[in-house]
There are 2 protein chains.
Amino acid sequence: MIALIMAGGSGTRFWPLSRTTFPKQYLRLVGDKSMLQLTFERLESLIPPEKVYVVTSSFQATLVREHLPSLPPENIIIEPFGMNTAPCIALSVEYLNAIYAANETMVVLPADHIIQDTASFIEALKQAETAAQKGLLITFGIIPNYPATGYGYIEKGEEIDEGIYFVKQFKEKPDLDTAREFLKQGTFFWNSGIFCWTLSSIHNALQEFIPETLEIAEEVLQLKQSFATEEEIAAVYSKMPRIPIDIGVMEKAKLRAVIPVNIGWSDVGSWKTLADISPKDENQNTFKNDGFALNAKDNYVYSDKFVALIGVDGICIVETDDALLITSKDQSEKVKEVVEYLQKQHKDKLL
Amino acid sequence: MIALIMAGGSGTRFWPLSRTTFPKQYLRLVGDKSMLQLTFERLESLIPPEKVYVVTSSFQATLVREHLPSLPPENIIIEPFGMNTAPCIALSVEYLNAIYAANETMVVLPADHIIQDTASFIEALKQAETAAQKGLLITFGIIPNYPATGYGYIEKGEEIDEGIYFVKQFKEKPDLDTAREFLKQGTFFWNSGIFCWTLSSIHNALQEFIPETLEIAEEVLQLKQSFATEEEIAAVYSKMPRIPIDIGVMEKAKLRAVIPVNIGWSDVGSWKTLADISPKDENQNTFKNDGFALNAKDNYVYSDKFVALIGVDGICIVETDDALLITSKDQSEKVKEVVEYLQKQHKDKLL
């Protein structure tokens with residue numbers, strides 16, 4: 001079994017900590033290790049470093065090497081720039097096809113998620129490997145514990161094998177009422193964005209639904225072999241359709257399955273989400289370093305300074321060398337609007 | 001006319017900006033000048049630097065010299081340590097009695113208040129000088145524009161002269177209902193803590209009501225002349241009654257008057273009070289440097305960094321090199337409890 005870690009993202013959700021040149025997967029948001037390092041180590045007991053691949057955009061290759069010194073350098077697959085998951089998977093599949101047999105099982109996973117129960121995750125991967133060998137495209141559905149409106153959902157259909165079901169349908173992020181209904185029905189799971197399949201299954205599915213991704217991927221790999229310039233390669237890659245694998249392939253495929261899992265998963269998609277999974281003191285406050293709270297509860301503080309909180313509830317405070325963010329938890333996903341503002345104002349140093 | 005600026009305070013209300021070794025009067029809270037510098041310059045058109053005296057505790061003498069380079073060094077009157085206003089006035093009166101005639105008029109004012117309308121203030125001082133020459137102890141009563149519960153009040157009695165009244169009584173900080181009643185009656189004013197009298201009037205009043213302050217003051221000055229050690233002087237000074245001049249003298253005196261004034265006064269007693277008098281943008285936010293607000297209004301930001309606010313209202317954010325304070329405006333006076341916490345925890349570097 002091989003693994004493909006998708007580490008090309010350059011999100012804005014963790015500004016001011018994440019920056020254009022230092023995206024979320026390289027942040028030490030949980031403990032002393034970066035998200036990418038945690039993702040890599042999580043696979044260790046099942047997949048050796050030689051069989052782990054990281055696909056990322058060219059400017060991040062150095063960061064990947066720094067964060068994963070035990071990863072063979074040739075296992076870094078370089079996109080000219082991030083396009084979305086369908087292009088990066090197509091490129092990687094073409095690259096890996098030249099190395100592995102067509103029936104090699106491959107797990108594909110984002111570099112910036114948290115999974116707290118590694119043992120259960122590894123068990124689910126083993127189960128997925130067996131199912132993938134039958135030609136199924138496997139998704140991992142997170143058993144929901146609250147009516148989340150921030151995730152897409154997967155509805156399970158008929159049972160294929162114990163704990164594995166055909167996918168009845170994918171559902172976009174629902175409104176709260178719909179999410180409550182999903183939770184009540186018990187047949188809906190959060191779409192984790194983690195997949196498992198054989199190289200041939202995903203290749204055939206890409207060929208059927210978005211064949212241009214494979215053509216462009218092949219062209220890019222040939223250009224790389226003939227030492228084309230970065231500009232030439234980028235010009236070709238830019239023709240890729242910018243779509244996620246979910247929409248490009250999974251929503252259309254027939255032989256697709258979901259394994260419902262309970263693995264302590266979080267996509268850590270906002271400061272609030274990070275706050276939710278962080279250890280808290282008796283007032284439900286989290287301090288990165290030292291602090292004092294007076295009539296203040298349910299706050300999240302990311303600062304190396306001593307921080308005093310008085311009479312404030314439910315806010316996130318994030319301090320870096322050049323910026324300070326104070327946001328209510330409820331609106332923390334709006335930090336991307338701050339980034340948009342900085343872009344418009346050409347405040348490049350803050351981006 | 002001479003002036004005595006009382007600059008010995010070591011308040012905790014502006015933590016983390018104010019520190020034990022750097023009290024509020026030396027902070028640049030409003031514009032580029034410190035509170036002490038603003039107080040000194042406010043007197044300039046009426047009283048030349050040679051006739052301005054600053055009474056302060058010994059460790060602050062260097063700070064006073066730095067902030068007021070045009071003040072003659074011998075015009076700094078040094079208390080061994082801060083005791084309250086009655087001791088510091090008694091010491092200063094004894095010191096000045098040796099230099100000036102008994103009928104010299106003297107204005108006494110705190111170093112850390114804001115007066116926005118300097119011209120009206122100077123006019124009031126001139127009016128006070130005339131009244132002081134008649135033997136009255138003059139207070140300045142601020143005409144209230146809201147039912148403040150954070151100030152003591154002065155009730156006016158019979159009119160003595162145009163715009164000057166006998167004091168009927170002093171009132172401690174009232175509750176809100178009482179403050180509303182005061183405002184309605186129109187005969188109550190905020191006690192500004194600014195006074196005007198002749199050297200002989202205040203000397204006689206001290207002699208009548210708290211004669212020990214004059215005796216100790218005299219002893220301290222003699223010890224200084226005979227080059228006693230700081231410890232010897234401090235031992236004598238520590239016997240001073242730790243009381244404010246209001247309680248020690250003004251509440252008991254007969255010949256006391258109030259001049260009601262409208263001079264844009266504020267004691268700037270908390271971060272909220274400072275926020276109230278600071279310039280605001282269209283969302284009622286104040287940024288010391290650069291910032292961006294999204295669904296956020298009525299906030300006060302003291303930081304040199306770029307600060308983004310999302311979904312927060314009515315809070316004060318204060319950042320220094322080693323500390324960060326986030327407080328609701330309504331509870332900003334509780335910052336002294338943070339200082340108490342730091343004292344108990346022996347976090348001396350933060351004090």
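Biologist: How many residues of chain B are in contact with chain A?

Modeller: Keep in mind that this is a predicted model. In it, 30 residues of chain B are in contact with 30 residues of chain A.

Biologist: Which elements of chain B give two or more residues to that side?

Modeller: On chain B they are strand E13 (291-294), strand E15 (306-310), strand E16 (315-319), strand E17 (323-328) and helix H11 (335-344). The largest share, 6 residues, comes from E17(B). Sorted by class, the side of chain B that touches chain A has 18 nonpolar, 6 polar and 6 charged residues.

Biologist: And how do I read the relation between the two copies?

Modeller: The general idea goes like this: two copies of a chain are related by a rotation about an axis and a shift along it.

Biologist: Now the sheets. What should I look for?

Modeller: In general, strands of a sheet pair through backbone hydrogen bonds, either parallel or antiparallel. Then read off the strand order. One open sheet of 6 strands goes E13(A)-E15(A)-E17(B)-E16(B)-E14(B)-E12(B), with mixed pairing. Its edge strands, each pairing on one side only, are strand E13 (291-294) of chain A and strand E12 (286-287) of chain B.

Biologist: How many bridges join E13(A) to E15(A)?

Modeller: There are 4, and the two strands run parallel. To find your place in that pair, look for Ala293(A), which stands opposite Leu309(A) in E15(A).

Biologist: Which helix lies across E13 and E15 of chain A together with E17 of chain B?

Modeller: It's H11(B), running at about 135° to E13(A).

Biologist: What is the strand order in the open sheet that has E12(A) in it?

Modeller: That open sheet of 6 strands reads E12(A)-E14(A)-E16(A)-E17(A)-E15(B)-E13(B), again with mixed pairing. Strand E12 (286-287) of chain A and E13 of chain B are its edge strands, each pairing on one side only. E13(B) pairs with E15(B) in the parallel sense over 4 bridges, and the bridge partner of Gly291(B) in E15(B) is Val307(B). Helix H11 (residues 335-344) of chain A packs on this sheet, touching E17 of chain A along with E13 and E15 of chain B. The direction of H11(A) makes about 135° with that of E13(B).

Biologist: Where do the chains join in that sheet?

Modeller: Look at strand E17 (residues 323-328) of chain A: 5 bridges join E17(A) to E15(B), and these strands run parallel. In this pair, Ala323(A) stands opposite Phe306(B).

Biologist: Which residues make the contact of H3(A) with H7(A)?

Modeller: H3(A) brings Ala86(A), Pro87(A), Ala90(A), Leu91(A), Glu94(A) and Tyr95(A), while H7(A) brings Thr213(A), Leu214(A), Ala217(A), Glu218(A), Val220(A) and Leu221(A). By class, that contact has 9 nonpolar, 1 polar and 2 charged residues.

Biologist: And H7 with H8 in chain B?

Modeller: Helix H7 (residues 211-225) and helix H8 (residues 230-237) of chain B pack at about 175°, their axes 9 Å apart. That makes H7(B) roughly antiparallel to H8(B). Among the residues of H7(B) that meet H8(B) are Ile216(B), Val220(B) and Leu223(B). The contact has 6 nonpolar, no polar and 3 charged residues.

Definitions and conventions. Residues are numbered from 1 along each chain as its sequence is written. Chains are lettered from A and ligands numbered from 1 in the order in which they are written. This is a predicted model: local features need pLDDT of at least 70, side-chain atom pairs count only at pLDDT 80 or more; totals for chains, interfaces and linings use all residues. Two residues are in contact if their C-beta atoms, placed from the backbone, lie within 7 Å. Ala, Val, Leu, Ile, Met, Phe, Trp, Tyr, Cys and Pro count as nonpolar, Asp, Glu, Lys and Arg as charged, and the others, Gly among them, as polar. Two strands pair if DSSP finds at least two bridges between them. Axes are lines fitted to C-alpha atoms, for helices over the stretch in contact, and angles run from 0 to 180 degrees between N-to-C directions. Angles under 35 degrees count as roughly parallel, over 145 as roughly antiparallel, 65 to 115 as roughly perpendicular and the rest as oblique.
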